[in-house]
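Subject: Structure for you to look at

Hello,

Here is the structure I promised. Please open it alongside this note and follow the residues as you read.

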Amino acid sequence: MAAGTAAALVYLSQESRSRAGGVGGLRVPAPVTMDSFFFGCELSGHTRSFTFKVEEEDDAEHVLALTMLCLTEGAKDECNVVEVVARNHDHQEIAVPVANLKLSCQPMLSLDDFQLQPPVTFRLKSGSGPVRITGRHQIVTISNDVSEEEESEEEDNVEEETELCPILPAKKQGGRR
């Protein structure tokens with residue numbers, strides 16, 4: 001892959017796709033689909049920033065979980081500072097340095113699924129790289145499609161709940177002497 005290009009390798013095995021309909025008698029309002037894709041980009045002297053963004057019209061929840069930053073072949077023994085530009089809880093743009101990599105002392109950093117919500121920009125603030133950033137793009141989709149059979153089951157469950165007897169408070173015992 002050419003330097004400065006982003007790669008999103010699809011990882012769509014049975015294990016990465018799951019549907020939830022209910023757990024332990026609890027009913028989930030709608031089926032949930034979770035997809036996971038590999039993510040990777042490279043920052044260098046030629047490509048100093050990369051922005052990861054998703055389509056605005058998409059109703060799915062997107063999370064970028066970073067796993068590792070590492071210097072790759074051709075890196076010089078210099079400080080390579082990588083910062084992340086994202087939005088905070090007030091939707092204000094903030095820039096935070098997340099790694100200071102140097103070939104002779106710390107050529108890689110594990111981020112242990114550091115989670116960010118897109119859009120996210122990665123910048124090589126100092127150094128010439130190349131620095132490889134890897135992680136997973138996770139997509140959670142909630143389906144609003146409910147079949148007629150599921151609707152009738154929900155109605156039956158509501159009827160069963162109304163037939164249950166209410167829980168009465170415990171009777172107080174007389175005082176002990």
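This is a predicted model: local features need pLDDT of at least 70, side-chain atom pairs count only at pLDDT 80 or more, and totals for chains, interfaces and linings use all residues. Numbering starts from 1 along each chain as its sequence is written, and side-chain values use heavy atoms, with hydrogens and water left out.

**Backbone geometry**

Start with His91. It is found in the loop between strand S6 (80-87) and strand S7 (93-101). Strands here are DSSP runs (E, at least two residues), numbered from the N terminus. His91 is not a glycine, yet its phi is positive, about 65°. Most residues other than glycine have a negative phi, and most peptide bonds are trans. His91 counts as exposed, because its relative accessibility is 61%. The cut-offs: buried is under 20% relative accessible area, exposed is over 50%, and partly exposed is in between (1.4 Å probe, protein chains only).

Asp113 also has a positive phi, near 60°. Its place is in strand S8. Asp113 is partly exposed, with a relative accessible area of 29%.

Then look at two cis peptide bonds. One joins Pro118 and Pro119, with omega about 5°. Pro119 sits in the loop between strand S8 (108-116) and strand S9 (120-126). The other runs from Gly129 to Pro130, with omega near 0°. Pro130 is in the loop between S9 and strand S10 (131-142).

**Strand pairing**

S9 has two partners to check. Two strands pair if DSSP finds at least two bridges between them. Strand S4 (residues 49-52) runs antiparallel to S9, joined by 4 bridges. There, Thr51 stands opposite Thr121. S6 also pairs with S9 in the antiparallel sense, over 5 bridges. Val84 has Phe122 in S9 as its bridge partner.

His137 is in strand S10. Is His137 buried or exposed? It is buried, because its relative accessible area is 11%. Its side chain makes a polar contact with the side chain of His62, at 2.8 Å. A polar contact is a pair of N or O atoms within 3.5 Å; within protein, one must be able to donate a hydrogen and the other to accept it, and residues adjacent in sequence count only if both atoms are side-chain atoms. Leaving aside neighbours within four places in sequence, His137 is in contact (heavy atoms within 4.5 Å) with residues including Asp35, Phe52, His62 and Leu64.

Met108 lies in strand S8. It is partly exposed, at 44% relative accessible area. Beyond its neighbours within four places in sequence, Met108 is in contact with Met68, Leu69, Cys70 and Leu101.

**The largest pocket**

A pocket is an open set of points on a 1 Å grid over the protein atoms alone, where a 1.4 Å probe fits, with protein on both sides within 12 Å along at least five of seven lines; lining residues have an atom within 4 Å of a point. The largest pocket is lined by 22 residues, and Arg87, Leu116, Gln117, Pro118 and Pro119 lie nearest its centre. Strand S5 (61-71), S6, S7 and S8 are the elements that give two or more residues to this lining.

Best wishes
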